[in-house]
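Colleague: I would like to learn how to read a model like this one feature by feature, beginning with the backbone and moving on to packing. Could you take me through it?

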Amino acid sequence: MSIFKKITELFSTTPSTQERALAGDAQAAFELAQKQQFIDDEAYIKWLTIAAEGGLAEAQNSLAKVYHPDLGELYKELVEQDYRISADWTIKAAEQDNADAQMRLSLACSSGEGVSKDEQKAFYWTKRAAENGDYLAMMELGAAYKDGTNGLAQDKERAVEWLSKAAEGAALYGDNILSQHAREEVIIINGSPEEVQAITKKREKDSQEHFEKLLREATDGNVISQFWVAKYYVVIQDIEKAKFWFSKAAAQGNEQAKDELEQLNKEK
């Protein structure tokens, strides 16, 4: 251990904090974990695990990411990563109203990643996440009210309410693209025909440019782009091209691509 590291530990962790953490104080353990993040990965996981096992939702959510094969890239040599283990910790945090965990659990239920695929549960967790302040969930909830999907009656007023909240939340976190998208959705609901037409044309142009960019990246070997290009072809029902790009992503170890490819092959 370097002298600098010893000095850092000496001044950043007081004995009383460590004692409280070792005695089961989840908040103290989480504070220690935060101090060690990006400095000492083993120490970070050790204290984070103590905090998570102590029932702290924020620690449980962070530990879920450590065990996630896609989100925990930094820790793949230190823990046996598994979607199911990650989902177990995500569920614990979600049940304590951690909005980030609730939104990720919604996505997991939708894709079947680490849990049983269940669209009804997925939307349940989206709604919970929106109510707890997740702006992505607010966007989805607003869209559901706008279109009358996921078992909700179409309600333009509720749609505008949630889409406006999503726009504000996204802007607060610097997500200007989603913020603008949410504001455009409000205009589509309340705006004039000319305003709606302008937005539609803009989106068509942006969508085409975005797909062309993804396709270039996929051709250059970007596994995430390969996956989303494949998903695009599923949407437009070009299954052969979808299989081609899922195969490319699967060959690079993308588990979701493997699952999607397997599902498409079953539907022959």
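Predicted model: local features only at pLDDT ≥ 70, side-chain atom pairs only at ≥ 80, totals over all residues.

Colleague: What is phi of Gln-237 near?

Modeller: Phi of Gln-237 is near 65°, which is a positive value in a residue other than glycine. With a relative accessibility of 60%, Gln-237 counts as exposed, because the cut-off for that class is over 50%.

Colleague: Which other residue has a positive phi although it is not a glycine, and where is its place?

Modeller: Phe-38 has a positive phi of about 70° and is not a glycine; its place is in the loop between helix H3 (26-36) and helix H4 (41-53). Phe-38 is exposed as well, its relative accessible area being 61%.

Colleague: How should I read the packing of two helices, for instance H9 and H10, and at what angle do they pack?

Modeller: Helix H9 (residues 135-147) packs with helix H10 (residues 156-172) at an angle of about 160°, and their axes are 8 Å apart. Since angles over 145 degrees count as roughly antiparallel, H9 and H10 are therefore roughly antiparallel to each other. The crossing in which H9 passes H10 is left-handed.

Colleague: Which residues make that contact, and how do they divide into nonpolar, polar and charged?

Modeller: On the side of H9 the contact is made by residues including Tyr-135, Met-138, Met-139 and Leu-141, while the residues of H10 include Trp-162, Leu-163, Ala-166 and Ala-170. The residues of the contact of H9 with H10 divide into 11 nonpolar, 2 polar and 3 charged.

Colleague: Is His-181 buried, partly exposed or exposed, and with which residues is it in contact beyond its neighbours in sequence?

Modeller: His-181, whose place is in helix H11 (residues 176-190), is partly exposed, with a relative accessible area of 32%. Leaving aside neighbours within four places in sequence, His-181 is in contact with Met-139 and Arg-203, and Met-139 is also one of the residues of H9 in the contact with H10. The C-alpha atoms of His-181 and Ala-170 are separated by 9.9 Å, the two residues being 11 residues apart along the chain.

Colleague: What describes a pair of aromatic rings, and how many aromatic pairs does the count come to here?

Modeller: A pair of aromatic rings is described by the distance of the centres and the angle of the planes. Here the count comes to 9 aromatic pairs. In the pair of Phe-211 and Tyr-233, the ring centres are 5.8 Å apart and the planes stand at 90°, so the pair is edge-to-face. This pair links distant parts of the chain, with Phe-211 in helix H12 (residues 193-219) and Tyr-233 in helix H13 (residues 223-235), 22 residues apart.

Colleague: Are Phe-211 and Tyr-233 buried or exposed, and which residues form one aromatic cluster with them?

Modeller: Both Phe-211 and Tyr-233 are buried, and together with Tyr-232 they form one aromatic cluster.

Conventions
Residues numbered from 1 in each chain as written. Heavy atoms only, no water. Axes fitted to C-alpha atoms, helices over the stretch in contact; angles between N-to-C directions. Helix = DSSP H or I, 4+ residues; strand = E, 2+ residues; numbered from the N terminus. Parallel < 35°, antiparallel > 145°, perpendicular 65-115°, else oblique. Left-handed = near helix turned anticlockwise from the far one by under 90°. Contact = heavy atoms within 4.5 Å. Nonpolar A, V, L, I, M, F, W, Y, C, P; charged D, E, K, R; others polar. Buried < 20%, exposed > 50% of the residue type's maximum accessible area, 1.4 Å probe, protein only. Phe/Tyr/Trp six-rings, centres within 6.5 Å; stacked < 30°, edge-to-face > 60°.
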